[in-house]
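Hello,

Here is the structure I promised to pass on. Please open it first, then read the notes below it.

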Amino acid sequence: MVDAATGAAGISVGARRPSLHKLFQRKSTIAFLMALPLILLISLLVVYPAFYSLHLATLNKSMERFVGLGNFEFLFKRQTFWMVVEQSVLFAVTAVVFKALIGFFVAHFVHAIPSKGQRKWRGMLLVPWVIPPAMSTLAWFWLFDPSYSAFNWIFTKVGLGTIPFLGDAYWARFSVILVNVWFGAPFFMIMYLAALKSVPEQLYEAAAIDGASWWQRLWYVTLPMMRNIISITVLFSLIVTFANFDIVRVLTAGGPIDQTHVFATWAFKLGIESGDIPLGACVSLFMLPILGLSAVFILRDINKRGNEA
Amino acid sequence: MASIAATAGGPTRPVRYGSISRNRRRALIWSYVFLVIFAVFFLLPPVYMLITSLKTSQEISAATNPWWVFNPTLQNYIELLSSNQYLTFFRNSALISIIVVTVTMLISVPAAFALARMKFWGSATLATGVFLTYLIPETLLFIPLFKTFAYVYEYTGIQLINNWWVLIVIYPTLTVPFCTWIMIGYFASIPKELDEAALIDGASYIQTLTKIFIPVALPGIIAATIFAFTVSWAQFLYPLAFTTSTDQLVLPVGIITTLIKGDVYNWGQVMTGALLGAAPPLIIYAFLMDYYIAGLTAGATKG
């Protein structure tokens with residue numbers, strides 16, 4: 001580690017004798033050059049558009065005049081906007097809770113069976129996560145089809161009525177959440193399974209000797225050991241689900257009568273399809289608070305782990 | 001869990017042994033019951049895709065048992081695979097994904113090496129920044145990007161909108177941050193003694209990267225490659241917003257905008273198209289499952 005130790009000294013020496021050749025030989029310069037494409041990519045195509053959307057949100061529809069917070073004022077007066085806020089929160093929170101619960105229990109079931117068969121089950125159960133969501137949502141769309149629904153065929157056979165999965169506002173909300181849970185739960189399962197495997201066996205043995213029940217072992221051993229991974233997965237998923245586009249777009253496209261729009265699909269409808277770019281930018285900005293909040297928590301977690309190491 | 005209970009119960013009296021093994025059996029049976037239920041739930045849509053793809057339009061509209069194929073046919077597959085339009089979508093998707101994967105690796109592997117091993121001014125901040133960029137969803141960026149592309153056309157005359165190759169420019173924003181992040185994790189786990197030895201032997205930094213870090217971290221690189229490929233293959237929002245003519249579309253958008261025509265739903269073909277479109281990631285997953293899962297879990301468990 002001689003090199004790293006002298007790295008700081010090298011910089012000051014180099015600064016005193018500015019020779020271009022030396023500069024390019026220096027470790028920090030080489031490192032910077034190696035990271036340069038990454039820096040350019042992030043600043044040009046992520047950071048710049050993110051700030052540009054802040055600017056866009058303050059313009060009028062034809063993007064010639066600065067209107068300040070006029071777009072926000074306009075949005076706050078629209079009933080559809082509040083409906084979208086409500087649906088986005090409902091969609092994200094419900095979906096994440098169910099994904100986490102299903103993922104947690106399925107991970108336990110996989111963990112409980114002999115390790116010989118675990119690979120096979122794990123492989124099967126992760127399939128929803130592997131299929132591109134736009135394609136698998138098409139399959140759900142066809143399963144929910146108003147006249148040929150395969151679910152309704154079963155329901156009629158067993159004597160239940162048909163369900164308007166995508167026609168009725170409440171059922172449509174249920175359907176988009178169901179599809180999102182279907183798509184995301186396997187990811188939770190895989191993460192929790194990895195976490196379960198990292199819990200030392202001795203803890204369970206000690207708990208079993210102390211006479212802990214299944215439930216007590218879960219509550220006092222498994223959960224505390226998995227706390228970190230549970231919180232980080234939930235935060236991740238909250239961000240991704242809150243910003244979800246594919247599933248809602250393909251399944252309902254926001255309908256019936258805008259009842260299932262989330263921020264992303266409504267922003268797309270306003271900004272790209274209706275051509276009101278500033279208003280669309282404005283709507284998409286409402287995804288920022290949840291993003292910032294999650295980022296704070298995740299950063300705190302990273303720093304904490306960094307200090308422990 | 002149950003197996004642990006049994007091993008813990010092992011050394012105690014044989015009287016208790018029986019009840020624990022009975023408990024264990026019961027827990028095992030319940031686990032299998034629930035696993036079967038969830039497997040049915042998770043595999044239902046892909047299986048139904050397959051069922052529908054083997055049917056003729058007549059059978060679909062006849063409203064017979066939708067869960068069974070009475071006259072299996074490969075007609076849908078033949079039609080799609082001989083349709084130029086579908087093959088164009090497939091080609092666009094494949095080209096874009098392969099180029100994006102290459103570009104991603106060329107950007108993120110050196111950057112991750114620099115961030116993990118060679119410190120420079122602001123490198124720690126940059127590493128955190130990379131992670132934060134991964135959290136910024138594409139749904140926040142597509143509107144400003146759309147407007148930026150319009151400006152680029154105004155000033156330079158380069159038409160970016162409605163060209164499939166523009167996706168090659170944007171997709172790395174989705175893949176590079178995560179790939180860099182997990183590569184930083186993999187590189188950081190390589191013992192320092194290895195690269196010190198190489199440096200003492202007179203290897204340059206580039207040689208250390210290509211001769212030591214890349215071979216040692218190969219599993220990580222494979223995982224990152226798979227991630228980059230599946231993300232570019234599945235991306236739906238950017239192509240939907242930026243491409244419109246049928247010869248510029250990629251698979252997910254192409255299937256949805258061209259195969260679903262108004263109210264005349266040709267569901268056999270739609271499902272075939274979707275299934276074939278889902279095939280490349282599924283095949284990669286089937287063969288490289290362990291790398292795929294390693295990449296998934298690396299994001300949150302490393303770093």
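**Helix packing and cavities**

Start with α3(A) and α9(B): the two helices are oblique to each other, because their axes pack at an angle of about 135°. Please keep in mind that this is a predicted model.

**Between the chains: α3(A) and α9(B)**

The crossing of α3(A) and α9(B) is left-handed. From α3(A), the contact takes in A:Leu38, A:Leu41, A:Leu45 and A:Val46. From α9(B) come B:Pro172, B:Thr173, B:Val176 and B:Thr180. Six residues of this contact are nonpolar and two are polar. None is charged.

**Within chain A: α4(A) and α15(A)**

Next, look at helix α4 (residues 70-77) and helix α15 (residues 277-285), both of chain A. Their axes come within 10 Å and cross at roughly 70°. α4(A) and α15(A) are therefore roughly perpendicular to each other. On the α4(A) side, A:Asn71, A:Phe72, A:Phe74 and A:Leu75 make the contact. On the α15(A) side, the residues are A:Pro278, A:Leu279, A:Cys282, A:Val283 and A:Leu285. By class, this contact has eight nonpolar residues, one polar and no charged.

**Within chain A: α8(A) and α10(A)**

A further pair in chain A is helix α8 (residues 133-143) with helix α10 (residues 169-197). The axes come within 11 Å and cross at roughly 130°. That makes α8(A) oblique to α10(A). The crossing of α8(A) and α10(A) is right-handed. In α8(A), A:Pro133, A:Ser136, A:Thr137 and A:Trp140 take part. They meet A:Leu178, A:Val179, A:Trp182 and A:Phe183 of α10(A). The contact of α8(A) with α10(A) has six nonpolar and two polar residues, with no charged ones.

**Cavities**

How many cavities of 30 Å³ or more does the structure hold? There are two. The largest cavity has about 1,200 Å³ of space. It is lined by 49 residues. Which of them are the closest to its centre? They are A:Trp129 and A:Val240 from chain A, and B:Tyr134, B:Phe227 and B:Val231 from chain B. The lining of the largest cavity divides into 34 nonpolar, twelve polar and three charged residues.

Best wishes

Methods: Residues are numbered from 1 along each chain as its sequence is written. Chains are lettered from A and ligands numbered from 1 in the order in which they are written. This is a predicted model: local features need pLDDT of at least 70, side-chain atom pairs count only at pLDDT 80 or more; totals for chains, interfaces and linings use all residues. Side-chain values use heavy atoms; hydrogens and water are left out. On a 1 Å grid over the protein atoms alone, a cavity is a set of points where a 1.4 Å probe fits but cannot get out, and a pocket is an open set with protein on both sides within 12 Å along at least five of seven lines; lining residues have an atom within 4 Å of a point. Grid points are joined across faces, edges and corners, and a volume is the space filled by probe spheres set on the points. Ala, Val, Leu, Ile, Met, Phe, Trp, Tyr, Cys and Pro count as nonpolar, Asp, Glu, Lys and Arg as charged, and the others, Gly among them, as polar. Axes are lines fitted to C-alpha atoms, for helices over the stretch in contact, and angles run from 0 to 180 degrees between N-to-C directions. Helices (H or I, at least four residues) and strands (E, at least two) are DSSP runs, numbered from the N terminus. Angles under 35 degrees count as roughly parallel, over 145 as roughly antiparallel, 65 to 115 as roughly perpendicular and the rest as oblique. A crossing is left-handed if the near helix is turned anticlockwise from the far one by less than a right angle, and right-handed if clockwise. Contact means heavy atoms within 4.5 Å.
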